[in-house]
Amino acid sequence: MTASPAPAPPADRPDVRSVVVVGAGLAGAQTVAALRSRGFDGRVTVLGAEDRAPYDRPPLSKELFTRDAPADLSAELGVDLAALADDVRLGTRATGLVLGGADAPRIVTDTGDDVAADAVVLAVGSRPVVPPGWDDALLLHTWDDAVALRRELVEDARLVVVGAGWIGAEVAGAAAARGVDVVVVEAGATPLERQLGAEVGRHLTPWYGDAGVALELEAPAVRVGRHQVALADGRLLAGDVVLAAVGARPATDWLRGTLTADARGSLRGDADGRVAPGVWAVGDCVTRHGTPFGDVVGGHWSAALQDPDRVVGALLEDVAASAVPSQHAPYVFSTQLGHDLAVLGVPSPDHEVVLRGSPTSGGPWSALYLERDSARLAAVLVADAHREVPVARKVLRDGPVLVDVAVASDPSRRLRDAVRS
């Protein structure tokens with residue numbers, strides 16, 4: 001009996017035989033892994049700006065004093081780019097994108113060795129925000145940054161951290177525990193106000209004093225140098241080390257004028273991460289529109305870990321794969337000031353916050369973010385409640401969900417029992 005031939009691809013589907021992945025971090029490595037796991041046997045080229053094997057970035061701050069080497073992705077996740085990709089070019093920076101039209105798109109590099117491919121995946125990540133005149137402050141974004149920072153943070157050193165966000169809080173707590181004298185200055189009214197809202201941020205404020213960290217709120221910095229920070233109220237704070245940790249922006253400056261981006265530099269993508277014909281983006285550099293959570297801005301660790309599979313499904317036009325929802329809620333985790341935090345979903349300033357447990361009890365608690373004037377749960381912050389994390393992940397897997405607020409806010413009841421069918 002003669003075997004039936006494989007079905008031909010649709011006439012409007014280009015035959016993708018080569019892919020270039022720009023970025024050799026977690027999102028880029030996961031993209032290559034997804035290509036191979038979905039059976040793609042064409043040519044894969046990876047461009048990485050750092051001249052270092054791919055590694056995971058969260059441990060840079062969370063394990064600042066306990067890691068002697070980067071969290072190598074081949075060891076941490078079993079993703080070996082050298083084995084999966086045909087051509088891995090580390091220390092090669094992308095400087096331009098030429099959209100192909102009828103031809104294949106092309107990546108221009110700083111080495112002059114440009115790369116054309118049938119499809120491009122941008123996994124370029126983010127870069128720290130450095131306001132004008134702050135160039136002398138230390139940053140924490142790369143392994144080399146972590147090494148330099150750790151070398152300076154000896155016992156009894158004075159550290160001034162500008163910014164009480166994720167990185168600032170993690171470094172401040174770790175440094176204080178090592179005997180460093182730490183001051184954190186924050187322009188907002190609470191820590192993590194932009195990410196979690198002022199109401200939740202107020203419950204995090206006491207953590208600083210409990211950890212031996214001085215916290216100055218509503219204290220914007222106007223000048224930041226190597227050893228001094230000038231505040232808007234005229235005060236000068238001296239330090240042996242000054243760390244600027246006021247956020248990150250997508251590393252997309254080199255794409256300006258070629259692709260659509262917002263004021264932050266985040267590329268505009270559809271729910272599958274498509275940003276232009278033949279071009280996709282994943283991770284920190286893209287805002288995905290039309291998802292179950294609405295517009296999802298990059299910066300979630302889960303986006304780099306899990307979104308590549310959906311992007312690759314769309315790139316290869318695997319209809320069965322790309323038709324399903326994302327199957328995960330955006331996820332951020334943090335270890336800071338003696339506490340563990342996890343955020344699932346997308347908190348918004350427009351949400352109503354309902355507490356599950358008491359932040360002043362010393363025990364675990366959560367904050368539920370409800371869409372205004374409704375009982376739809378859109379996000380959950382979990383503090384020191386490890387068992388709640390997988391539950392919240394399942395509850396929010398497919399997007400915001402209608403809940404019985406009385407049940408959801410009762411810590412003696414199971415969160416999943418609050419979900420209304």
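## Stop one: a charge over a ring

Select Lys 62 and Phe 333: Lys 62 lies over the face of Phe 333, 4.6 Å from the ring centre. Keep in mind as you go that this is a predicted model.

Stay on Phe 333 for a moment. At 25% relative accessibility, Phe 333 counts as partly exposed. Tyr 331 is at 14% relative accessibility, which makes it buried. Tyr 331 has a charge over its own face as well: Arg 393, at 4.8 Å from the ring centre.

Next, bring in Trp 301. How many aromatic pairs does the structure hold? The count is three. One of them is Trp 301 with Phe 333, an edge-to-face arrangement with 5.4 Å centre to centre and 85° between the planes. Trp 301 belongs to helix α9 (residues 301-315) and Phe 333 to strand β24 (residues 331-336), so the pair ties together parts 32 residues apart in sequence. Trp 301 comes out as partly exposed, at 24% relative accessibility. Show Trp 301, Tyr 331 and Phe 333 together and you have one aromatic cluster.

Over residues 333-418 the chain is 14% helix and 37% strand, and the end C-alpha atoms sit 24 Å apart.

## Stop two: salt bridges

Go back to Lys 62, this time to look for its salt-bridge partner. Lys 62 forms a salt bridge with Glu 170, with the closest N and O atoms 3.0 Å apart. This pair links distant parts of the chain, since Lys 62 is in helix α2 (residues 59-62) and Glu 170 is in helix α6, 108 residues apart. Buried or exposed: which is Glu 170? Glu 170 is buried, at a relative accessible area of 3%, while Lys 62 is partly exposed at 23%.

Select Arg 43 and Asp 87: their closest N and O atoms are 3.8 Å apart. Arg 43 is in strand β2 (residues 43-48) and Asp 87 is in strand β5, so the pair ties together parts 44 residues apart in sequence. Arg 43 counts as partly exposed at 43% relative accessibility, and Asp 87 as buried at 18%.

Then jump to Glu 76 and Arg 67, another salt bridge, where the closest N and O atoms are 3.2 Å apart. Glu 76 is partly exposed at 45% relative accessibility, whereas Arg 67 is buried, with a relative accessible area of 18%.

## Stop three: a threonine in a loop

Select Thr 92, in the loop between β5 (87-90) and β6 (94-98). Thr 92 is buried, at a relative accessible area of 9%. What is Thr 92 in contact with, leaving aside neighbours within four places in sequence? Highlight Leu 47, Gly 48 and Ala 49, and then Thr 109, Asp 110 and Thr 111.

## Stop four: nonpolar cores

Time to look at the inside. The largest nonpolar core has 43 residues, and those touching the most other members are Leu 149, Leu 153, Leu 159, Val 182, Leu 196 and Leu 381. Helix α6 (residues 166-177) supplies the largest share of this core, six residues.

Centre the view on Leu 149. Not counting residues up to four places away in sequence, Leu 149 touches Leu 64, Leu 138, Leu 140, Val 171, Val 241 and Leu 243. Another core, of 28 residues, lies apart from this one; Ala 27, Phe 40, Ala 123 and Ala 304 are among its members.

## Last stop: an exposed glutamate

Finish on Glu 155, in the loop between α5 (143-152) and β11 (158-162). Glu 155 is exposed, with a relative accessible area of 59%. Not counting residues up to four places away in sequence, Glu 155 touches Arg 178 and Gly 179. Draw a C-alpha to C-alpha distance from Glu 155 to Gly 179: the two are 4.8 Å apart in space and 24 residues apart in sequence.

Conventions
Residues are numbered from 1 along each chain as its sequence is written. This is a predicted model: local features need pLDDT of at least 70, side-chain atom pairs count only at pLDDT 80 or more; totals for chains, interfaces and linings use all residues. Side-chain values use heavy atoms; hydrogens and water are left out. Helices (H or I, at least four residues) and strands (E, at least two) are DSSP runs, numbered from the N terminus. Buried means under 20% relative accessible area, exposed over 50%, partly exposed in between (1.4 Å probe, protein chains only). Contact means heavy atoms within 4.5 Å. Rings of Phe, Tyr and Trp (its six-membered ring) pair if their centres lie within 6.5 Å; planes under 30 degrees apart count as stacked, over 60 as edge-to-face and the rest as tilted. A charge sits over a ring if NZ of Lys or CZ of Arg is within 6 Å of the ring centre and within 35 degrees of the ring normal. A nonpolar core is a set of buried Ala, Val, Leu, Ile, Met, Phe, Trp, Tyr and Cys residues joined through side-chain atoms within 4.5 Å. A salt bridge is a side-chain nitrogen of Lys or Arg within 4 Å of a carboxyl oxygen of Asp or Glu.
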